[in-house]
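Colleague: I'm about to open this one for the first time. Could you walk me through it slowly?

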Amino acid sequence: MSANINGVMLQGFHWFLKPDFPESRDRSLWQFLRDEANYFRTIGIDAIWIPPAYKAAFNRSNSVGYDVYDHFDLGEFFRNGEITPRTKYGTKTELVEAVRSLHGDGSQKYIQVYADVVLNHKMGGQEDDYWQAIRVEKDNRSSERWGDGFEQGVIEIKAYTKFDHPERGGKYSSFHWRAKHFDSVDAIAEIRQHGNVFHDPQDKYIYRFLYNESGYIPANKNFESWVSTEKGNYDYLTGCDFDYGRQDVCEEMKSWGGWFAKELDLDGVRLDAVKHISADYIREWLRHVRWQTGKNLFAVGEYIAGSTEPLHAYATRVTVEGEHPQPITLFDFPLCFKFKDASRRGEGFDLRTLDQGTFMAEQPALAVTYVENHDYEYGRGFNSHVEEWFKPLAYAFILLRERGYPCIFFPDYYGSLDWVENGTLWHRAQNPGREYLDLLLKLRKQFALGEERYYADRNVAGWVRMGFFPGAKGAMAVVINTAYGAVKAVGMNTGRFNKRFYHLATLKLTEHGFVVVRQRYDRYGDKAEGLWTDANGWADFLADGGTASIWIEDGVGLEG
């Protein structure tokens, strides 16, 4: 985690990032991040999470990068007639330059770089030799199709599990991947059984490999333990699934992790799909990479869950149990899902529940909070994106609170463009939230300090940051209101007696985009000029419907 007080992370990409994304000006993403480094310093960004930086399997010029073909190719090698070695985001040279620019020259604020790490699978391999397997039901992985009869019993399959990477010629790693290095696949070239060659219906099964090569110990393959128990066992996610029951696979990916972190001089990692990988191996991998680099690298895991119980269990397994426990944080998916529900239900959502049942509330030191990410943005098909009107409220909630390490989403700041394919609108353009996010970032650094006092009613919630902390300019009160069209108030104790608080800003979405109202807000009536606390420090703080409002104690102001 950033060593800076009230650190903030920026997710520096999104799923529907176009080559001509807003403000790109014909620059690759790596060039853009390089050039924006000083700007990030001025607005209060402390760390950048970069996308998967390695060569993808499919649509390589436009792949987000999670369909990993070669972990060791960071946009350096020409593959199969490519006219450029670059990934969607640029060349390796541009990536290295971006990291250096973000780190600065020693006289500048150091911005940490966290890289997206995909340890679960590979894709895009060549057709391999036959390997014995069993069909597994996709929705219940404890149901395997043994026995005689239709689509039953042991089969031999040819899958796309051959990865020789001739374009690299053994540079960085000479490891040759084969079927034996994976435990399961769902895409196969053909099946052989009882002398017949055929295919199953497409996308019907997962195929779990049964055995390692002759003489290898252990002889049998199995799905991993200490993964999510959804679907019986959620080891398999996609592609050719790594078999971490094999020592050679474990060592190869640890070797890659150390190389990757040192090659880019990383400060941390975002671990993709950890619910599908043994928690014990994640602990082992983190220990090795931290030892290799000599850095206590920051780590945040993506464990998608609607409740906090599996997050607590996973965090305990990695950070407390086993040999050499390792620090890890987790994204607060339960909080994000609450934001989504609140944005859909409006005043039907009870804000008293917003601060309950979240990782931020229950284990704040390990919670990375966010409003939206690439998996749940508009167009990803999960119907879980947060509606735009609620985003200023949600960002106020994570940026101005005491708990959690907040992450800002790239298109929420810069905006995005429509993404249309074959006449279908996959992603709807978003308005940039730069103005209100810039304000929240300044407030986080200058006022979101010291003790927090939190209050909530059904449609209005608020908190006071007390100040009385090194660097704090004074007290701040924040209110969010979901009763659209109605001004609501929440009573809060400020610890300031007979003190005036003035209206700094109200944040809201209008038909013209997001606005920050800094001038007099007439809907607050006589309190638009300011409000006074009583002799015990209490006051009723206001917010308009569907907005977030900020109030600052008299006598102090916001710098910048």
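Modeller: Let me start with a definition: a disulfide here is a pair of cysteine sulfur atoms within 2.5 Å. Please also keep in mind that this is a predicted model, in which local features need pLDDT of at least 70 and side-chain atom pairs count only at pLDDT 80 or more, while totals for chains, interfaces and linings use all residues. Residues are numbered from 1 along each chain as its sequence is written, and side-chain values use heavy atoms, with hydrogens and water left out.

Colleague: OK, so how many disulfides does the count come to?

Modeller: By that rule the count comes to zero. In general, a disulfide is a covalent bond between the sulfur atoms of two cysteines.

Colleague: Let's zoom out. How many helices and strands does the chain have?

Modeller: The protein chain has 10 helices and 30 strands, which are DSSP runs numbered from the N terminus, helices being H or I of at least four residues and strands being E of at least two. The radius of gyration is 26 Å, close to the 24 Å that the globule rule gives for 560 residues, so the chain is as compact as a globular protein of that length. That radius is taken over C-alpha atoms, and the globule rule is 2.2 Å times the number of residues to the power 0.38. Along its principal axes the C-alpha trace spans about 85 × 55 × 50 Å.

Colleague: What share of the residues is buried?

Modeller: Buried residues make up 59% of the 560 residues. As for contacts, meaning heavy atoms within 4.5 Å, among those between residues at least 6 apart in sequence, 74% join residues at least 24 apart.

Colleague: Switching to the backbone, which peptide bond is cis?

Modeller: The bond from I217 to P218 is cis, with omega near 5 degrees, and P218 is found in the loop between β13 (205-209) and β14 (240-242). Most residues other than glycine have a negative phi, and most peptide bonds are trans. R25 has a positive phi, near 50 degrees, and F468 likewise has a positive phi near 50 degrees.

Colleague: Where do R25 and F468 lie?

Modeller: R25 lies in the loop between β1 (9-11) and α1 (29-43), and it is exposed with a relative accessible area of 59%. F468 lies in the loop between β23 (460-465) and β24 (476-481), and it counts as exposed at 67% relative accessibility.

Colleague: What about M466, buried or exposed?

Modeller: M466 counts as buried at 3% relative accessibility, and its place is in the loop between β23 and β24. Not counting residues up to four places away in sequence, M466 touches several residues, among them L449, E451, R453, N493 and T494.

Colleague: Last one: where is Y454, and what is it in contact with?

Modeller: Y454 is found in strand β22 (residues 452-456) and counts as partly exposed at 23% relative accessibility. Leaving aside neighbours within four places in sequence, the contacts of Y454 include L351, D355, F397, R401 and W463. In the loop between α10 (434-446) and β22 you will find G450, which counts as buried at 13% relative accessibility and is in contact with E402, R465, G467 and F469, again leaving aside neighbours within four places in sequence.

Terms used:
Buried means under 20% relative accessible area, exposed over 50%, partly exposed in between (1.4 Å probe, protein chains only).
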